[in-house]
There are 2 protein chains.
Amino acid sequence: MNKTVGVLGGGQLGRMFAEAANRLNIKVLILDKENAPAKQILGTSNHIVGSFKDSHAIRQLAAECDVLTAEIEHIDTLVLEELTQSGVIFEPHWRTVATIQDKFDQKQHLKSAGIALADSISLDSGSVDELKRVAEVFDFPFMLKSRREAYDGRGNLPIMSKDDLDHGSDFCKDRKVYAERWAPFKAELAVMAVKTKDGVLSFPTVETVHENSICKLVYAPARNLSRATADKAQQLARKAVAAFEGKGVFGVEMFLLENDQLLINEIAPRPHNSGHYTIESCPISQYDAHLRAILDLPIPPSSLEMREPAVMLNILGSATGGSIDPFITAALSNPRTSIHLYGKGPATTPGRKMGHVTVTAETMAEAEQLIQPLIDVFDKHSGRKPASATPSRAKGGKEVPQIAVIMGSDSDLPTLAPGLTILDTFAIPYTVRITSAHRTPEVMASFVSTAASTGIRVIIAAAGGAAHLPGMAAAYTSLPVIGVPVKASSLDGQDSLYSIVQMPRGVPVATVAIGNSVNAALLAARILGVSDLRVRGLVEEYARKANEEVREKDKRLREGNWKSYMEKKG
Amino acid sequence: MNKTVGVLGGGQLGRMFAEAANRLNIKVLILDKENAPAKQILGTSNHIVGSFKDSHAIRQLAAECDVLTAEIEHIDTLVLEELTQSGVIFEPHWRTVATIQDKFDQKQHLKSAGIALADSISLDSGSVDELKRVAEVFDFPFMLKSRREAYDGRGNLPIMSKDDLDHGSDFCKDRKVYAERWAPFKAELAVMAVKTKDGVLSFPTVETVHENSICKLVYAPARNLSRATADKAQQLARKAVAAFEGKGVFGVEMFLLENDQLLINEIAPRPHNSGHYTIESCPISQYDAHLRAILDLPIPPSSLEMREPAVMLNILGSATGGSIDPFITAALSNPRTSIHLYGKGPATTPGRKMGHVTVTAETMAEAEQLIQPLIDVFDKHSGRKPASATPSRAKGGKEVPQIAVIMGSDSDLPTLAPGLTILDTFAIPYTVRITSAHRTPEVMASFVSTAASTGIRVIIAAAGGAAHLPGMAAAYTSLPVIGVPVKASSLDGQDSLYSIVQMPRGVPVATVAIGNSVNAALLAARILGVSDLRVRGLVEEYARKANEEVREKDKRLREGNWKSYMEKKG
């Protein structure tokens, strides 16, 4: 552990890396300008002042350190090659950085390793004629991308039609450019992969939302993604990162196409904006993981799992260069919000990353609701249009319902009323709906199948007679469904009970006594109480009161005699 | 936010405070010796070198800062009084620190505010005669406690019998001492309270385990504590802290007596070892809260709630002064373990706090199991006897069962087998027990009523005939109970079904179809899936496969005709 790590670059990524190193007593020296963000949280005066592209400065840093790494890929890899030959350790390997820093080379390398990604064509002069030939292969629209020095969307130009060709050709004049086939994605995903001496591990699959080509929001885990696709994204990220030499964390950005196919967008050989959430959400953050990987320290795979869903929102310099203080004021008052400011001084550059906030909650629906006020401030502050990716249901101040209470007919409502009263008493947010398995089957199917993604955790369904609603609901969701048999006009409720309880193997309904919605509500509370100690406490309190009531009655019975007791009871 | 905070003392508490301040871009200057732990993570050279008891150095610090605070109460309050009069802001108030730093004054102050705590008597000379008079009031055993400069149990002497009086009198010779009535506690609790300009907030109630008078472990939340007592402890802490002037975080240590009465043990006017867990477990840590409180920044109360249960273990210098490296090596490999080292260099002082680890998990039972290997290393390393507070069930490598499957008779086992197979397939750890409501009522009651505290989250109970087991289980726990009606020798299972499902209001049993243990297991999985996305994914996968199987059969039926299909099926 008695090692010194040198970092090329001391921005926010270097700063959060230094924070992780501080916690492990590992010395970090930064090569960057005076008072760079990372230098502000390191109490040493041995940093190197200079550019992380300056070969002399890199040599100076190497002389003081056991291991070198970088928080940015736009560095001088020639000097790293030379230093490596003389025994200096740089992670990940200089060849990895050299390949990745030229995006076309990066993609050729990935392609040769059999990784799925959009086709790309290297351009020579970028003349209009050459671009026309590209259009013959890719059709419109396609992308022009700068091969080097491009990040946060800088250096990307969409060519939507032949009208854009002149502009495209101008774009190619002062830089090396390649063309890429248009990827019609429905979502952007990212995975932080960790390459160690033993293999490649990965953090969960997250969803990134960009605005003006800059990362705005990260949803961890990705929303509305099947488990299979989330797993596939992690596998793809690990496979892609395995194709490179060296150790450390890699940020892997992906496109999710309409048909659920995944394409690699690009890879960063370092911690990444899409992995900030790991500081709060995972026992080991991406920065801790990077440190451990480059120093061959162990990384228990389960330490990369999430404690709680999280939403990360970047704090950017506004379009008008105004202060970020209004945002910080809002963030300080916002519940369950952790704030990270990067020490960059007053915000003067539009879009500059000044900090970020991470909101964590027990469910993604709650996290989305909690962060919404800050997204609103962000949008106002930035003068940008709100990102369409933010679901409308997260807007507004109402609590996210945790329980859906559904019935096939309003005639079931009187049966449900005592149970709803319990939910009110317990202050458990719920939604009540009339949706019939027989008369509105399509509404029922749609409501139930999307319930989990809106934050619903338990469904209570009441039905009488043929009583199909609870069972059909169970067929459309993986949430627990509680069935309340309602006594219909004949058969005394036996028909409803049998219809609800006698479900076939594979689709369970938790059935309670005929007409007993109180027990349905209490069972729902017990289910929430498995992970919510507030609710569990309320269930215990309810039982304690019931216990006292019976003891009180017994006491009164003992004090008088059974006849007077009966008379008093009336 | 453009404020500079000066801290008297730069040990681990100052260091973790500085970490929180760094994240909010708030400048911190430290008064302590060169290269003190807190100075190592602050990139400024404007710290003051000197002792936090040196009035000259305190004045120097005050001149550079907007607000002063302290990470330790053993400071020069006279100079703070003087500085306050000339407009310097020190939080919490100098009078608060002055009162608290003399433990007898602290307790008199609390007593006069109506706070429950053990009786104490101030001593003059501490002569044997005087101690005898104390014994007449308090009886044996009682405690002698140094009024000042006592922490981590230093300066405490138990007087067990009159044989200890001579020794006790010697103890009083070179210090000011008071005597305190013995508090026969069953557990030690702690609450971090936050005094702001508007009132007092609090973090959850935690349990502390001391060894040789030094804090070893913190369990957050406290184990085996009723919600009522946990709430009472938070209220007591808030009331106690409200009795002091000034703003900031206070560590409130309490005794829990056998009759569940709470007594304040002592209060620290600063962040505290028992609040380290908040870094991982809460959206706002105790350090962040202290910073916000002294700067009048907002603290949303729900940000003091826990994300996940946590166990904190201190890393102490060993009895032999050996290296802490073996412990760190073990901690790096331990799952879900966050490590904090304090930059104190090689461990040379026995019992010195060198760092800590925090393990978080979805349940306390899991967190206890995860941290056990590190407690074992700690015990080996420290040469101490293991703390008795560590429950034996946490030992060993087996997974903590999440589901208890219980039956009244082994004749129910064949009915349960298909459900148990599902739990095996889903890799959900469970325990199976035969425990009859009628033949072993006391075993059943004891098992079920302690199930939640051992990490069980759902109970599946099978029964036939009179079928009381599921309902009786539900009566003894607040966990969800799933009932499986078993078809007994007569009545075709109807008797079992009615006995299980027709529970009275207040005690729900989630009943599934007669004999359908598969649905019981799937329902249990759905319930776990409410908060465990791994299990929810498995439920979805199961449904997907069942869907495919039916489609496949339909396809085969369409390909042939119904007669050949029936023949093939046999």
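The dialogue below takes up the copies, the domains, the cavities and the backbone of this predicted model.

Q: Through what surface do the copies meet?
A: They meet through the same surface, because 100% of the interface residues of chain B are also interface residues in chain A.

Q: Which domains does the assignment give for chain A?
A: The domain assignment divides chain A into domain 1 (4-90), domain 2 (119-181), domain 3 (185-382), domain 4 (401-529) and domain 5 (533-569). Between the C-alpha centres of domain 1 of chain A and domain 4 of chain A there is a separation of 60 Å.

Q: How many cavities does the structure hold, and what lines the largest cavity?
A: Rolling a probe the size of a water molecule over the atoms shows where empty space is left. In this model there are 10 cavities of 30 Å³ or more, and the largest cavity contains about 510 Å³ of space. Its lining is made of 36 residues, and those nearest its centre are A:Arg23, A:Ile279, B:Arg23, B:Ile279 and B:Glu280. Among the elements that give two or more residues to this lining are helix H1 (12-23) and strand S17 (337-341) of chain A, together with helix H1 (12-23) and strand S17 (337-341) of chain B. Sorted by class, the lining has 18 nonpolar, eight polar and 10 charged residues.

Q: Where is there a cis peptide bond, or a positive phi in a residue that is not a glycine?
A: Most residues other than glycine have a negative phi, and most peptide bonds are trans. In chain B, the bond from B:Glu91 to B:Pro92 is cis, with omega near -10 degrees. As for phi, A:Ser213 has a positive value of about 65 degrees, and B:Asp296 has one near 60 degrees.

Q: Are A:Ser213 and B:Asp296 buried, exposed or partly exposed?
A: A:Ser213 is partly exposed, with a relative accessible area of 41%, and B:Asp296 also counts as partly exposed, at 37% relative accessibility.

Methods:
Residues numbered from 1 in each chain as written. Chains lettered and ligands numbered in written order. Predicted model: local features only at pLDDT ≥ 70, side-chain atom pairs only at ≥ 80, totals over all residues. Heavy atoms only, no water. 1 Å grid on protein atoms, 1.4 Å probe; cavity = no way out; pocket = protein on both sides within 12 Å on 5 of 7 lines; lining within 4 Å. Points joined across faces, edges and corners; volume = space filled by probe spheres on them. Helix = DSSP H or I, 4+ residues; strand = E, 2+ residues; numbered from the N terminus. Nonpolar A, V, L, I, M, F, W, Y, C, P; charged D, E, K, R; others polar. Contact = heavy atoms within 4.5 Å. Domains from an automatic or database assignment. Buried < 20%, exposed > 50% of the residue type's maximum accessible area, 1.4 Å probe, protein only.
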